[in-house]
Amino acid sequence: MTDSHAAFAPFVATLGRGPGRSRALTREEAQTAFGMVLRGDAEPHQVGAFLMLLRFRGEDAEEITGMVQAVRAHSGLGRADMTVDLDWPSYGAGRTRGAPWFLLSALALARSGVRVLMHGSNDFSAGISVAEGMAALGLQPATDLHAAFRFGRFAYLPLRAMAPEMDRLLEMRRLFGLRSPVNTAARLLNPADAPFGVDGVFHPPYIDVHLGVAERMGRPRLLVLKGGGGEAERVPLKPAVAAVRDRMTGRAEIVLPAVEGLLPHPAAGDTPESFAAVWRGDVTPGTPLATIQATIALALLAMGRAENPHHAMDQAAAIWSQRL
């Protein structure tokens, strides 16, 4: 046992002492502890115990904020000199996902003049990954943050290129059989300090954590919703509610109406070729097109560029029709 292992042990003990004695870590403790994890100062058994205790106790906004700060410092994230309008995390792991229709939404927004940075990992997601969808469109992921926007106003930065230590920690899901708070922290990295963000979660209780971290990090505006497969994607088969945290006005909810007449889309039939055909306009499947436009509208609401959901949908239809 090394000195660094001994220094890490109290963080595990704080989380795991038992009923009435354990507690959540402070933001500073979480930042110190997770910084040690990222540097390799904690022994692998300690890391596993640490992550699973964080999960078992329930995700805490102070702890996640400390983790986010540790990753940003360790990986050199945060680019005040880089102009990015919209941060778009993609870390979903839906078992029934098909094509990443949200990717087409982001690309259409970029064609309209919005600078979008998407980052993520789809290693645990079924269906077509973001990287596969990009390949079908003749596009490639970025290899680093500094050169991300060399070829346009949209960039996708895989987590393994942005923060490889975080990517390796996400891979531990294969050992645990469970996600860990690393997934939440990755979604909230906002690597280019974009003023606006749109994020999806699997379960509604995570929404409060995401908004709490945004508040503590001083982010100008973040929209979060329970999205398909945990992605920031709006499938408008039924009404939904998005939560927004704005630095000037605080928290609010936006009620998103359903689009009438839609039927569930059979995701099993999606292929990279059919995905690219939708982008080109060769095929016009009803529910995927409605999903794409509703997701564009979601991003417009996240950026405060629409007065209400109906206005956002009108703008989204125009943006989609003008993408080519």
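Tutor: A term first: helices (H or I, at least four residues) and strands (E, at least two) are DSSP runs, numbered from the N terminus. This is a predicted model, where local features need pLDDT of at least 70, side-chain atom pairs count only at pLDDT 80 or more, and totals for chains, interfaces and linings use all residues. Residues are numbered from 1 along each chain as its sequence is written, and side-chain values use heavy atoms, with hydrogens and water left out.

Student: OK. How much space lies in the largest pocket?

Tutor: About 1,000 Å³. A pocket is an open set of points on a 1 Å grid over the protein atoms alone, where a 1.4 Å probe fits, with protein on both sides within 12 Å along at least five of seven lines; lining residues have an atom within 4 Å of a point. The volume is the space filled by probe spheres set on the points, which are joined across faces, edges and corners.

Student: What about the second largest pocket, what volume does it have?

Tutor: About 560 Å³. Its lining has 24 residues, and Met134, Leu139, Gln140, Phe151 and Phe154 are the closest to the centre.

Student: New topic. How many aromatic pairs does the structure hold?

Tutor: Four. Rings of Phe, Tyr and Trp (its six-membered ring) pair if their centres lie within 6.5 Å; planes under 30 degrees apart count as stacked, over 60 as edge-to-face and the rest as tilted. Phe8 lies in helix H1 and Phe50 in helix H3, so the pair ties together parts that are 42 residues apart in sequence.

Student: Are Phe8 and Phe50 buried or exposed?

Tutor: Both are buried (under 20% relative accessible area with a 1.4 Å probe, protein chains only; exposed is over 50%, partly exposed in between).

Student: Where is Arg219 found?

Tutor: In the loop between H11 and E5. Arg219 is buried, with a relative accessible area of 7%.

Student: What does Arg219 touch?

Tutor: Leaving out residues up to four places away in sequence, its contacts include Asp87, Leu188 and Arg245. Contact means heavy atoms within 4.5 Å.
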